[in-house]
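Here is a short report for a reader new to this structure. Please look over the sequence and the model before reading on.

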Amino acid sequence: MTRLIPLAPGKACAAPPARVVLRERGQREVFCGLTSIMWLHRKMQDAFFLIVGSRTCAHLMQSAAGVMIFAEPRFATAIIEERDLAGMADINEELNKTVARLLERRPEIKLLFLVGSCPSEVIKLDLGRAAERLSMTYSPKVRILNYSGSGIETTFTQGEDACLAALVPELPAAESAAPELMVVGALADVVEDQFARLFDALGIGPVRFLPSRKSGALPPVGPNTKFLLAQPWLRDTARALEARGAVHLPALFPLGVEGTTAWLMAAATAFGVSPALFQAVTEMPRARATRALLRYNDTLAGKSLFCFPDSQMEVPLARFLSRELGMRLEEVGTPYLHAGHMADELALLPADVRLSEGQDVDLQLERAREARPDITLCGLGLANPLEQEGLTTKWSIELVFTPIQGYEQCGDLAELFARPLTRRTRLAV
Ligand code: SF4
């Protein structure tokens with residue numbers, strides 16, 4: 001099913017071009033929200049993710065995590081067996097026993113997420129009530145929360161959104177009347193540290209990050225909290241923070257020189273940083289990042305890009321690749337388009353770019369085949385068949401796992417798109 005929907009412009013853009021969005025609802029090729037546990041469990045160092053799901057869920061996690069586990073992982077799957085489904089066993093009792101065994105064996109766990117899946121949703125297992133019941137036993141030593149990572153009508157990055165939204169009610173109330181900055185969205189530690197240093201040099205503080213590395217250091221929230229989104233997939237988390245009085249600072253996402261500068265500028269403006277100080281603090285890293293991008297101009301300028309909807313990073317990436325590296329955009333597909341959070345990004349895309357939201361994969365594949373883009377950004381499931389057809393692909397999930405935000409990572413981000421093109425050129429020689 002395909003519909004053309006005009007997208008209302010957001011408040012943040014001064015004179016936004018009228019956009020028509022091709023909205024499709026059909027078969028989709030995306031991972032489910034469980035996948036986000038891969039980066040969340042590394043970020044939240046005393047948390048554990050207990051998926052309540054099927055053997056399929058366990059296999060997904062094992063194969064996705066296979067190359068990434070260097071120590072005992074902080075996630076596992078409590079398998080819903082056939083006898084649970086048939087009502088022959090009390091599934092809540094089984095879950096109690098599993099949690100008891102887990103917490104006894106892993107006393108370092110301070111925050112336990114019960115993560116719902118398609119099977120637990122289908123059998124209507126009430127994990128919210130289970131989390132409440134288990135909290136009565138294990139609180140305050142262990143905090144127990146729940147969210148859904150189910151693949152029913154969701155895409156993989158929404159797992160992080162659901163997880164952080166579940167954390168928001170747990171954030172302590174801000175006690176200070178002074179404004180505080182919260183950066184929302186999991187970032188690699190190295191990127192987080194770089195941003196913390198830049199905010200510090202700008203005199204902006206205190207600055208807190210959600211998620212925090214330790215569950216005992218959750219950031220406080222209140223009407224004096226101003227927050228920047230570091231990732232574009234945090235609709236429910238943003239809404240939950242706003243419900244607690246926090247104020248969203250609209251901005252580009254911190255990808256590329258332009259995005260990073262605008263993102264920092266949004267905080268600088270809100271915290272009354274002088275233009276002179278902003279210039280002084282950002283001048284050198286901006287120049288470094290601009291120089292790093294120059295290396296990739298020959299490879300990427302003029303090349304065409306087709307984005308399949310997968311991570312929700314597609315719009316900011318397309319903005320970066322077209323404006324800073326001169327790529328041509330054939331189609332920018334994204335699973336969901338948040339008109340408010342994406343307003344600044346959309347205002348900077350070429351007026352004639354085809355935007356699509358959602359997916360009908362066969363129709364989209366036809367458009368990609370017709371366009372024959374130089375590079376196709378897509379999920380893992382589409383990459384191999386498209387490579388087989390002679391198209392050069394980039395896995396969008398790789399961009400979620402790689403540190404790409406901020407000035408120091410601009411060159412690495414460009415490299416991720418240049419590398420497949422270079423590889424194909426070498427293979428063709
Ligand atoms: S949550 Fe659903 S989509 Fe994800 S692995 Fe389990 S069954 Fe598959």
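## The ligand shell

Which helix gives the most to the shell around the ligand? Helix α2, residues 55-65, does, with three residues. Keep in mind that this is a predicted model.

The residues around the ligand are C32, L34, G53, S54, T56, C57, L60, S117, C118, G149, S150 and G151. Sorted by class, seven residues of this shell are polar and five are nonpolar. The shell around the ligand has no charged residues.

## Three domains

The protein divides into three domains. Domain 1 is made of two segments, 2-29 and 293-428. Domain 2 covers 33-154, and domain 3 covers 180-288.

Domains 2 and 3 have C-alpha centres 31 Å apart. Their contact takes ten residues from domain 2 and six residues from domain 3. On the side of domain 2 that touches domain 3, helix α1 (residues 37-43) gives the most, with three residues. That side of domain 2 has five nonpolar residues, four charged ones and one polar one.

## Helices α7 and α9

Two packed helices are described by the angle between their axes and the distance between the axes. Take helix α7 (residues 158-167) and helix α9 (residues 235-243). Their axes come within 7 Å and cross at roughly 20°. Angles under 35 degrees count as roughly parallel. Helices α7 and α9 are therefore roughly parallel to each other.

The crossing of α7 past α9 is left-handed. From α7, the contact uses D161, A162, L164 and A165. From α9, R235, D236, T237 and A240 take part. By class, the contact of α7 with α9 has four nonpolar, three charged and one polar residue.

## Helices α10 and α11

Now turn to helix α10 (residues 256-270) and helix α11 (residues 275-294). Their axes lie 10 Å apart, and the helices pack at an angle of about 165°. Angles over 145 degrees count as roughly antiparallel. So α10 is roughly antiparallel to α11.

Is the crossing of α10 past α11 left-handed or right-handed? The crossing is right-handed. On the α10 side, the contact is made by V257, T261, L264, M265 and A268. On the α11 side, the residues are F278, T282, R286, A289, T290 and L293. Seven residues of the contact of α10 with α11 are nonpolar, three are polar and one is charged.

## Backbone details

Most residues other than glycine have a negative phi, and most peptide bonds are trans. Some places in this model depart from that pattern.

Which residues does a cis peptide bond join, with omega about -5°? The bond joins G205 and P206. P206 sits in the loop between α8 (189-202) and β8 (207-210). Another cis peptide bond runs from L210 to P211, with omega near 5°. P211 is in the loop between β8 and β9 (225-229).

K124 has a positive phi, near 60°, and is a residue other than glycine. K124 is placed in the loop between α5 (118-122) and α6 (127-138).

Definitions and conventions
Residues numbered from 1 in each chain as written. Predicted model: local features only at pLDDT ≥ 70, side-chain atom pairs only at ≥ 80, totals over all residues. Axes fitted to C-alpha atoms, helices over the stretch in contact; angles between N-to-C directions. Helix = DSSP H or I, 4+ residues; strand = E, 2+ residues; numbered from the N terminus. Parallel < 35°, antiparallel > 145°, perpendicular 65-115°, else oblique. Left-handed = near helix turned anticlockwise from the far one by under 90°. Contact = placed C-beta atoms within 7 Å. Nonpolar A, V, L, I, M, F, W, Y, C, P; charged D, E, K, R; others polar. Near = placed C-beta within 6 Å. Domains from an automatic or database assignment.
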